[in-house]
Amino acid sequence: MNFDVENIRKDFPILSKKINNKPLIYFDNAATSQTPTSVINSISNYYNNYNANIHRGVHSLSEEATQDFESARTKIKEHFNAGDTKEIIFTSGTTHSINIVANGYTDILKSGDEIIVSGLEHHSNIVPWQMMTKKNNAKLKVIPLKENGELDLKVFENLISDKTKLVFINHVSNALGVINPIKKIIEIAHKNGAVVLVDGAQSSAHFDIDLQKLDVDFFTASAHKLCGPTGIGFLYGKKELLDLIPPYMGGGEMISEVTFEKTTYADLPHKFEAGTPNISGAIAFGYALDYLNNIGLDNIKKYEDYLLDYATNKLKQIDGMIIYGDTPNKTSVISFNIDGLHAYDIGSILDKFGIAVRTGQHCAQPIMDYFKISGTVRASFSFINTIEEIDELIKAITFAKQMLS
Amino acid sequence: MTISEKGQSLVEDFSFMEDWTEKYQYLIDLSKNLAPMDTKFKVEENIIKGCQSKVWLKASFENELINFQADSDAIISKGIVAILLSVLNDRKPNEILNADLSFIDQIGLKEHLSPNRANGLSSMLKQIKFYALAYSKLN
């Protein structure tokens, strides 16, 4: 495999850290990605050299900060191939973005209208809709899973009708890594006149996404899954839809005119960006995209697929191994259990080997209910990981298994 | 032995253990030797909230002593609750409420006290103390 992982690893200072006297092996990339030096430096550079509030200042610092903040927006627009920078709203992350759309549609939907979510959703793409349907009595329907963790599209085609107004779906399941056929889902939804929101938190770090080609109506991602900082992300929406929905928060930045009788909202994207935004975070998000594009998402995908195949084959050789979402159509995430053992016990012992995995329900209780399990161990790989690290994982799991049996 | 003495004897036992594997093995052995919990008590209301694994804890009060029964679906969590019970079981409510629990830090289980550690040693301790407080009011 022609991928210079050793050189890339030098960009990530955290990888020199020791955990329990062992070199850190970070397999929790689906929860948050690690941060390269260029991104970390962009944050300190902002605070050292041009920390200022943006958009309205006439002084040089403010102009410099505004320019970099807006150039980050342009980078996002270009990276994801949106039609217009106005369609890119900075948010605190995916959860915030979903809440903007859910809140925006609260008064638009009526009793009798229907919305569809997938059975693979993170709680953040379930709870806001439940909150919404409580207010407007719209009906929430769920696309069920199949045994291999993929969505049952046949059922989806039966669930959808002209009553369906919105469809919400994650691009990649955070709990299983399964890639959903969003292109097909968007086509079916549009034929029925429904609007689609795709949660790209788990997809955007792993392969190229072309928003215009997908013809998706809303899309969201979080920077911290893409080598950027926490607390910043974006919501993409088609302009006509963003114009349709009301703002989520009131305050500064989002208005064009205010009297005590009436406020006129600012134009897009500022209508949804009330208050002083996470300026350094947005700028660092731009640097994170530069970093990823410099390596190339195609190269990243090839290398991560290679790690995934290697790890899947090795794990399957362990007696009692059960992999959930065992389909070729997935990102570099392996969610598993070992027959008779608790995920928590395995995770605790892996930690002693310096290996960071996630255990539990992964904020996706409906998926765990479907498989009738209390949780899984989730190892999520990224392009900073190595084959040697996967070998260490296998050794540690074998050790844990012996110790716990 | 008082709670404090029992705690100190545990600290001594742990001081002979050379690395984490021995400590974990000790927890696993304790977990296997914990008196089985009556299945009728393994119900939702006895589950300790805040644990990633299921931990059940049930108390009864007889002859001024609190008797605890516990179980968990995870071995390490069960070992941790077993360690706590080996020190705190069959004690008077006030003994538990006034107990010196410094042994937990000293035996190196402190890492399990951080709120992110979903096994919830802290939740287990809190629940044990809740029972002690409730029974102390009965006296």
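Two strands were taken as paired if DSSP finds at least two bridges between them; strands (E, at least two residues) and helices (H or I, at least four) are DSSP runs numbered from the N terminus. The model is predicted: local features need pLDDT of at least 70 and side-chain atom pairs count only at pLDDT 80 or more, whereas totals for chains, interfaces and linings use all residues. Residues are numbered from 1 along each chain as its sequence is written, and chains are lettered from A in the order in which they are written.

In chain A, an open antiparallel sheet is formed by four strands in the order β13-β14-β17-β16. Strands β13 (321-324) and β16 (358-360) of chain A lie at the edges, each pairing on one side only.

Within this sheet, β17(A) (residues 376-380) is joined to β16(A) by three bridges in the antiparallel sense. A:R358 has A:R378 as its bridge partner in β17(A), and A:T359 has A:V377. Four bridges link β17(A) to β14(A) (residues 333-338), also antiparallel; here A:I334 is partnered by A:A379.

Five of the five residues of β17(A) are buried (20 or more other C-beta atoms within 10 Å of their own, C-beta atoms being placed from the backbone), so the strand is largely enclosed by the rest of the structure. A:T376, A:R378 and A:S380 cover one face, and A:V377 and A:A379 the other.

Between the chains, 12 residues of chain A are in contact (C-beta atoms, placed from the backbone, within 7 Å) with 14 residues of chain B. On the chain A side, α12 (343-352), β16 and α14 (387-404) each give two or more residues, and α12(A) gives the most, with five.

Methods: Two residues are in contact if their C-beta atoms, placed from the backbone, lie within 7 Å. A residue is buried if 20 or more other C-beta atoms lie within 10 Å of its own, exposed if 12 or fewer, and partly exposed in between; C-beta atoms are placed from the backbone.
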